[in-house]
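This report describes the strand pairing, the charged contacts and the exposure of selected residues in one model. The sequence and structure come first.

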Amino acid sequence: MSAKNYAHQLDAKNRMRIPARLREELGANYSVTVGSGGCLYVYSEEQMQSVKATLKNVNAYREKQLKAARFILYNTWEAEEDKQGRILIPSVLREFAGL
């Protein structure tokens, strides 16, 4: 799956609708995490496993790399859709992305 941009809109309960086409590509289990430039990234379960494996191998003696890896991992949230295909965006992710 290639990188795509999607416009977002949060409802009053801080839920965001995931486009049906994207949900199909992501599969049943996917994660939302911090990205670059104040963006949120959405990864399928398989993609997130790959990201975690890469971050797990960061050199523990390179402080900037270690901080970045921890920041991403600590701010990853497994999405749970409601019946309308919306997910709750946690406050830490909303604040990061300025939503």
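E78 is exposed in this predicted model, with a relative accessible area of 58%. The cut-off for that class is over 50%, so the value for E78 falls within it. E78 belongs to strand 4, which covers residues 77–78. On the surface, E78 gathers with E45, E46 and E80 in a patch of negative charge.

In general, strands of a sheet pair through backbone hydrogen bonds, in a parallel or an antiparallel sense.

The pairing can be followed from strand 2, residues 30–34. Strand 2 and strand 3 run antiparallel and are joined by five bridges. Along this pairing, V34 stands opposite L40 of strand 3, and S31 stands opposite Y43, also in strand 3. The hairpin made by strand 2 and strand 3 has five residues between the strands. In that hairpin G37 takes a positive phi near 65 degrees.

Strand 2 also pairs with strand 4, again in the antiparallel sense, over two bridges. Here V32 stands opposite W77 of strand 4. Is strand 2 largely enclosed by the rest of the structure or left open? Five of its five residues are buried, so strand 2 is largely enclosed by the rest of the structure.

The charged contacts come next. The count of salt bridges comes to six.

| Salt bridge | Closest N and O atoms |
|---|---|
| R15 and D82 | 3.8 Å |
| R23 and E81 | 3.8 Å |
| R86 and D82 | 2.7 Å |

The salt bridge of R15 with D82 links distant parts of the chain, 67 residues apart: R15 lies in strand 1, and D82 in the loop between strand 4 and strand 5 (86–88). D82 counts as partly exposed, at 24% relative accessibility.

R23 forms its salt bridge with E81, and this pair too links distant parts of the chain, with R23 in helix 1 and E81 in the loop between strand 4 and strand 5, 58 residues apart. R23 has a relative accessibility of 25% and counts as partly exposed. E81 is likewise partly exposed, at 36%.

D82 also forms a salt bridge with R86. Together with D11 and R15, D82 and R86 are linked in a network of salt bridges.

R86 also features in a separation that involves P19. P19 is placed in the loop between strand 1 (15–17) and helix 1 (20–26). The C-alpha atoms of P19 and R86 are separated by 9.1 Å, although the two residues are 67 residues apart along the chain. P19 counts as partly exposed, at 28% relative accessibility.

Note on methods. Residues numbered from 1 in each chain as written. Predicted model: local features only at pLDDT ≥ 70, side-chain atom pairs only at ≥ 80, totals over all residues. Heavy atoms only, no water. Patch = residues over 30% accessible without salt bridge, like charges linked within 9 Å, V, L, I, M, F, W, Y side chains within 5 Å. Areas by Shrake-Rupley, 256 points an atom, 1.4 Å probe, with all protein chains shown as cover. Salt bridge = Lys/Arg side-chain N within 4 Å of Asp/Glu carboxyl O. Lys, Arg positive; Asp, Glu negative; His and termini not counted. Charge placed at Lys NZ, Arg CZ, Asp CG, Glu CD. Helix = DSSP H or I, 4+ residues; strand = E, 2+ residues; numbered from the N terminus. Buried < 20%, exposed > 50% of the residue type's maximum accessible area, 1.4 Å probe, protein only. Pairing = 2+ DSSP bridges.
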